[in-house]
Every structure is written in C-alpha cells, then in structure tokens.
Amino acid sequence: MFHSNDFVAIHLQDITAAENFYTNIMKFRLLTRSEAHLEYDTGNFHLRVNRDLNIDPPFPRFTVKDIETARRCLLENGCVILREDQRSLHFCDPFGITYDAIEANKKRI
C-alpha cells in the first residue's frame, strides 16, 4: 500500500537561514521556494524544508493510492495522525517515528 518516493522533509523555524545553508553551504539546487517551504534536489532525493514552529527530525515521504484507506489502516494499527489534509497525512508509527503519506495520481503508481 505504501511506496517510498524520493522526498525527505524537515521542519525548521527559520526558513531564511535554512535557505542560506542548503543553497550556499550544501550547494543543493533549489527547485521551488515560497514563504512556507523550500524544495531542493540533493542528487538522490528531494529535500523539502517546511517552515514550522516545531522543529522535527527528518522524515521520509511515502506515496499511497488512496489516502483515506491509508488513514484507516494506520489508525487501526496503532499510528497517530499528527496533521492531515485532503491528500496527505503526517503520522507517527507505533515506535515514535514520523512519516508523510501523500496520495498520488493513480497514473503514477
């Protein structure tokens, strides 16, 4: 049901400092920029930097065919949904590890 994709996300408070570090120090190629997030091509994966008041460690992103089915499965198996919208979930597994699940276009899976 879950398929890994090439994204890792982090949440940081100071997106301006993050942009300076990942662009000028790490030399990652900036793909998209907004006031809320940055997205970089790091070579083997994309790094998404989200501006957030809560700093979280990096977490992988998975693609699912149906977000509601994934949500039910996660809840039935001891996971906690931390944030959600119509096409994505940020959740914590029973071991305390956090992940994203993103509903993909059915043609992509």
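Here is a short chat about the predicted model above.

Q: What should I know about the model before we start?
A: This is a predicted model, where local features need pLDDT of at least 70, side-chain atom pairs count only at pLDDT 80 or more, and totals for chains, interfaces and linings use all residues. Residues are numbered from 1 along each chain as its sequence is written, and side-chain values use heavy atoms, with hydrogens and water left out.

Q: OK, in what order do the strands of the sheet run?
A: The order is S2-S3-S4-S1-S5-S8-S7-S6, an open sheet of 8 strands with mixed pairing. Strands here are DSSP E runs of at least two residues, helices are H or I runs of at least four, and both are numbered from the N terminus. Two strands pair if DSSP finds at least two bridges between them.

Q: And which strands are at the edges?
A: S2 and S6 (80-84), each pairing on one side only.

Q: How do S1 and S5 pair?
A: They're antiparallel, over 5 bridges. His3 has Thr63 in S5 as its bridge partner.

Q: Switching topic: is Glu19 buried or exposed?
A: Glu19 counts as buried because its relative accessibility is 18%; the cut-offs are under 20% relative accessible area for buried, over 50% for exposed and partly exposed in between (1.4 Å probe, protein chains only). Glu19 sits in helix H1.

Q: What does Glu19 touch, beyond its neighbours within four places in sequence?
A: Asn24, Leu30, Arg33, Leu38 and Tyr40 are in contact with Glu19, meaning heavy atoms within 4.5 Å.

Q: Where is Lys27?
A: Lys27 is in the loop between H1 (15-25) and S2 (29-33). Lys27 counts as exposed, at 63% relative accessibility, and has a positive phi of about 65° although it is not a glycine.
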